[in-house]
Amino acid sequence: MINSFDAVEIITAKRDRNELSDPQIDWIIDAYTKGVVADEQMSALLMAILLNGMNAREVSRWTDAMISSGERMEWSMLDRKTVDKHSTGGVGDKITLPLAPLVAACGGAVPQLSGRGLGHTGGTLDKLESIPGWRASLTNEEMLDVLKSCGAVICAAGAGLAPADKKLYALRDVTGTVPAIPLIASSIMSKKIAEGTSALILDVKTGSGAFMTDPKKAGELARIMVELGTRAGVKTRALVTAMDVPLGLTAGNALEVRESVEVLAGGGPEDIVELTLVLAREMLDAAGIKQLMDPADALNNGKAMDSWKAMIRAQGGDPDAKLPVAKEQISVIADESGVLSSMDAMSVGIAAWRLGAGRSKQGEAVSFGAGIEIHAKPGAKVAKGDVIYTLHADEPLRFERTKSALENSFTISQDGSQIERLPLIIERIEG
Ligand code: URA
């Protein structure tokens with residue numbers, strides 16, 4: 001092991017608001033990954049970082065040390081340029097599903113390593129696993145084969161990629177240290193840089209359903225991540241986007257796959273189509289890809305759908321199979337007439353989770369059919385008795401627990417004058 005330090009010395013340095021040196025950072029990440037530094041010591045350091053922060057040099061070195069803890073993937077053997085997108089996560093955020101095959105249809109190669117949901121935000125792998133037969137775990141060779149044949153692959157990150165982050169993320173989850181900007185930025189960027197993409201678009205969510213509820217903090221996180229990517233030679237841009245209301249009209253695994261397929265068939269909700277197209281154009285532009293066609297055309301002429309079906313089949317799935325449906329459904333109705341003036345993303349996310357779409361601890365099974373269908377979004381006129389949500393669950397007992405989460409999740413005004421919404425795209429940051 002390079003140099004030897006004392007973990008307590010490093011913890012007290014950060015506790016006392018001092019900068020950590022490059023060798024101290026390299027050592028602590030390496031020693032923690034190898035089990036030489038104990039969880040309780042790393043927990044204390046993480047809390048000191050959450051409270052006292054890290055400067056740009058420290059975050060950059062921390063990120064590099066996490067990348068060096070594992071393998072770095074490489075795609076120079078492909079005849080297409082690689083580009084990826086990462087979202088910090090939100091309610092109903094199924095954008096990766098239509099976006100990856102869409103960018104592939106337009107000429108890009110998308111090597112997307114995704115995660116599972118924890119808490120109120122869903123995970124891309126859980127959504128795709130609702131497709132009968134689809135497999136998330138691929139070897140590096142299989143990943144390359146799918147990327148070569150389909151232009152896009154979405155799969156789980158292998159154990160060899162940024163193992164330091166796997167240990168650190170699990171520890172942050174149980175020590176109240178997830179929402180530290182330097183730790184979020186280094187966690188996300190270590191995985192994306194190690195994944196080997198040459199260009200990256202970050203979708204940093206803000207609003208009640210996001211990690212960063214404050215748009216200014218989301219902008220700060222976005223700028224740090226763009227700087228980390230750019231320094232590592234990845235062409236990185238970020239969009240700060242709205243997560244005050246759920247994206248689209250569904251939250252839940254199979255429900256979101258169904259909605260994504262609608263978008264790939266040229267339909268689907270306006271906000272999903274708009275964000276998918278904005279992100280696709282940014283990805284193609286950032287990577288300098290000579291476009292085979294415009295992304296909007298690829299959604300309308302079936303090319304993006306062809307890429308989707310090929311990608312799902314290549315990972316063992318049947319894109320034409322019937323998706324799982326929950327055993328029970330109930331409706332939540334408007335108790336007055338007027339204009340729907342707000343809909344809280346966080347409440348909808350928690351409700352979908354309580355219905356069984358998400359998990360409360362690592363490794364728990366999710367219900368593929370569970371979730372929420374939204375029938376009206378802010379700005380829509382509603383009459384007393386109209387259905388606002390349909391709840392889907394396998395066990396009827398879940399409905400009672402869910403209704404309390406949704407109790408104050410929407411408001412109806414007489415004339416719509418109180419409608420307050422964040423614009424879909426709030427800020428754009430280029431490296
Ligand atoms: N996603 C990650 O991968 N890491 C974080 O710290 C937060 C979101």
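A word on classes before you colour anything: Ala, Val, Leu, Ile, Met, Phe, Trp, Tyr, Cys and Pro count as nonpolar, Asp, Glu, Lys and Arg as charged, and the others, Gly among them, as polar. You're looking at a predicted model, where local features need pLDDT of at least 70, side-chain atom pairs count only at pLDDT 80 or more, and totals for chains, interfaces and linings use all residues. Residues are numbered from 1 along each chain as its sequence is written, and side-chain values use heavy atoms, with hydrogens and water left out.

**Stop 1: the domains.** Colour 7-53 as domain 1, 83-158 + 166-183 + 191-321 as domain 2, and 328-413 as domain 3; the bounds come from an automatic or database domain assignment. Between the C-alpha centres of domain 1 and domain 3 there are 42 Å.

**Stop 2: the largest pocket.** Select G115, R116, G117, Y169 and K191, which of its 48 lining residues are the closest to the centre. A pocket here is an open set of points on a 1 Å grid over the protein atoms alone, with protein on both sides within 12 Å along at least five of seven lines; a cavity is a set where a 1.4 Å probe fits but cannot get out, and lining residues have an atom within 4 Å of a point. The pocket's volume is about 1,500 Å³, counted as the space filled by probe spheres set on the points, which are joined across faces, edges and corners. Its lining splits into 15 nonpolar, 20 polar and 13 charged residues.

Now show α8 (163-173), α9 (181-194), α6, β1 (83-87) and β2 (110-114): each supplies at least two lining residues. Helices (H or I, at least four residues) and strands (E, at least two) are DSSP runs, numbered from the N terminus. The largest share, six residues, is from α8. Why does the pocket lie between domain 2 and domain 3? Because both of those domains give residues to its lining.

**Stop 3: the ligand.** Select Y169, R172, I184, S187, I188, K191 and F211, the residues around the ligand (a heavy atom within 4 Å of it). Ligand oxygen atoms lie 2.8 Å from a polar side-chain atom of R172 and 2.4 Å from one of K191. An N or O atom in the S187 side chain is 2.7 Å from a ligand nitrogen.

**Stop 4: the largest cavity.** There are three cavities of 30 Å³ or more, and the largest has a volume of about 140 Å³. Select H120, T121, G122, A352 and A357, the closest to its centre of 21 lining residues. By class, that lining has six nonpolar, 11 polar and four charged residues. Helix α15 gives the largest share, four residues. Domain 2 and domain 3 each provide at least three residues of the lining.

Terms used: A polar contact is a pair of N or O atoms within 3.5 Å; within protein, one must be able to donate a hydrogen and the other to accept it, and residues adjacent in sequence count only if both atoms are side-chain atoms.
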